[in-house]
Amino acid sequence: MHVPDGFIDVPTSLGAGVVAAGAIAVSLKGARRELDDRTAPLAGLVAAFIFAVQMLNFPVAAGTSGHLLGGALAAVLVGPYTGALCIAVVLLVQGLFFADGGLTALGVNVTDMSVVGVGVGYLVFLGLVRILPKTRSAVVVASAVAAFVSVPAAAAAFTGFYAIGATSSVPVGTVLGAMVGVHLLIGLGEAAITAATVASVIGVRPDLVRGARHLQAPLDLRITPTTRPLTPGAFDA
Amino acid sequence: MGSDHAHRLYVPGASVVHRLGPQCKLVATVAFVILVVLTPARQMWAFALYALVLAVVAAVAHIPAPTIARRMLVEVPFVVFALAMPFLTPGDRVEVAGIQLSSAGLWSAWNVLAKATVGVVTSILLAATTDLRMLLLGLERLRLPGLLVQIMTFMVRYSDVITDEMRRMRIARLARGFEARDIRSLPVLAHSAGALFIRSYERGERVHLAMLSRGYTGSMPSVVDIAAPTRDWALALALPAVAIVILTAARVSA
């Protein structure tokens, strides 16, 4: 769902551009806190991952297929700032190089999907992780709900821009209904694949899931007294 | 990595458009698209002129029309949305081929279709005539934050590697008789996505270590100087200049 040129008027697009630029500046700072000097290669590679995974189509129903947007997934896997930054970078690259999403609509697209999509997704995730028991399955459930909510939230944010700077006279209520309705369905697919992906990463490399950091037991050094002292030359043979 | 193959978006050439400084082309493209969006939709001839201008640029740059047409397919989802507008807009109805349509809705649909199409073609021409790496250098030259440009550079450099990895995983799935038919195949695809994330992240860590061992201190050394002469700027800014003339004429006659 990339807004093209001409859908939102120029003043609103420029306003959204300012919001998006501010958000990118904040997430650049935040990502540096999350990743320190590894920011450039790691955020770049995670952005490349998001870009690739958005091409992974999964069948929904009746011959239609959907793909992952990845906002909530990125927030849970690499943290909110890096996640928002990666989604913004993907949108910038798609708009600038792939003609996917209008150049004047870049601000609207970044605000919808990176700021609102990742932000709402991460807040829902954080809230749920706080109240749910501290288990891996709770993290998976929380990421599913976060992904489900993040998609219609981004659609609602788009409708907000539409209400401010629409170039067409389709009533805002109709747009809100259609956008949120369709995106609730997309959200179901997003939730399923986000949860399954988080579950599979947690199963293999739990240390790579930032949202599951609180589950990691701190390493402790255990000293077991040995009954037989090692004799010099024991390993020479 | 390290191989100097041009990206598939780039159509190699040595035309005037190809040789312009990337920063000049970026500024010209963005300015042109903003001016197009500002144009009142009811002046249909203005959009015909914009299309003509872009056709001239494409002809000068020797970008074949089929290439442009093929890449325009990204627009399709929004075309569907635009086509729904005449049915959803309240107000005056006009009869088109026996169907009651809203005239305001028809104009909205035309507005979005015309502006989005001109925007898409402009972006396609930019990417077709400018190497991706040059575009990134141009962005840096336009004072985009260095770290952001570095992240974009890594994304662009590695997106082929990651996409290829995904393709290999897909072939491996196919070779084992897997075909995604319905919702039950989702866990398999999610495992692939998870594996892809782990591989991408670990590759990022390796790249970081490789960079450190080559003396990375937070900024990338610049090897090419892309300072653009005034002639480049003048030539590139001719595009938005023409657009200003068309826009003014359209506003006056509106």
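This is a predicted model: local features need pLDDT of at least 70, side-chain atom pairs count only at pLDDT 80 or more; totals for chains, interfaces and linings use all residues.
Student: Let's begin with Thr12(A). Where is Thr12(A) found?

Tutor: Thr12(A) is in helix H1 of chain A, which covers residues 10-35.

Student: And why is Thr12(A) called buried?

Tutor: Look at the relative accessible area, which is 10% for Thr12(A). The cut-off for buried is under 20%, so Thr12(A), at 10%, counts as buried.

Student: What is Thr12(A) in contact with, leaving aside its neighbours within four places in sequence?

Tutor: With those neighbours set aside, Thr12(A) is in contact with Phe161(A), Ile164(A) and Gly165(A).

Student: What makes the pairing of Thr12(A) and Asp9(A) a polar contact?

Tutor: The distance between their side chains is 2.6 Å. A polar contact needs a pair of N or O atoms within 3.5 Å, one able to donate a hydrogen and the other to accept it.

Student: Now the whole of chain A. What pattern does chain A follow along the sequence?

Tutor: Chain A reads α-α-β-β-α-α-α-α-α, with seven helices and two strands. Its C-alpha atoms fill a box of roughly 90 × 35 × 35 Å along the principal axes. Of its 237 residues, 54% count as buried.

Student: What share of the contacts in chain A, with a separation of 6 or more, comes from residues 24 or more positions apart?

Tutor: That share is 72%.

Student: Over to where the chains touch. How many residues of chain B are in contact with chain A?

Tutor: There are 73 from chain B, and they touch 65 residues of chain A. The area buried between the two chains is about 6,000 Å², with 82% of it from carbon and sulfur atoms. On the chain B side, Phe78(B), Met155(B) and Phe197(B) lose the most area to chain A, together 13% of what that side buries.

Student: Why give an area for an interface?

Tutor: Because the accessible area lost when the parts come together is often used to give the size of an interface.

Student: How do you know that Glu202(B) and Arg205(A) meet in a salt bridge?

Tutor: Their side chains come to 2.2 Å, N to O. The rule asks for a side-chain nitrogen of Lys or Arg within 4 Å of a carboxyl oxygen of Asp or Glu. An Arg and a Glu at 2.2 Å meet that rule, so this is a salt bridge. The count between chain B and chain A is one salt bridge, and there are three residue pairs in polar contact, both residues at pLDDT 80 or more.

Student: Which helix gives the most residues to the side of chain B that touches chain A?

Tutor: H9(B) does, with 19 residues. By class, that side of chain B has 49 nonpolar, 16 polar and eight charged residues.

Student: Last topic: loops. What makes the phi of His62(B) worth a look?

Tutor: Most residues other than glycine have a negative phi. His62(B) is not a glycine, yet its phi is positive, about 55°. His62(B) lies in the loop between helix H3 and helix H4 of chain B. Arg143(B) also has a positive phi, about 70°, without being a glycine, and is found in the loop between H7 and H8 of chain B.

Student: Why are His62(B) and Arg143(B) called exposed?

Tutor: Exposed means over 50% relative accessible area. His62(B) has 64%, so His62(B) counts as exposed. Arg143(B) has 74%, so Arg143(B) is exposed too.

Conventions. Residues are numbered from 1 along each chain as its sequence is written. Chains are lettered from A and ligands numbered from 1 in the order in which they are written. Side-chain values use heavy atoms; hydrogens and water are left out. Contact means heavy atoms within 4.5 Å. Buried area is the accessible area (1.4 Å probe) that two parts lose on being put together, summed over both. Helices (H or I, at least four residues) and strands (E, at least two) are DSSP runs, numbered from the N terminus. Ala, Val, Leu, Ile, Met, Phe, Trp, Tyr, Cys and Pro count as nonpolar, Asp, Glu, Lys and Arg as charged, and the others, Gly among them, as polar. Buried means under 20% relative accessible area, exposed over 50%, partly exposed in between (1.4 Å probe, protein chains only).
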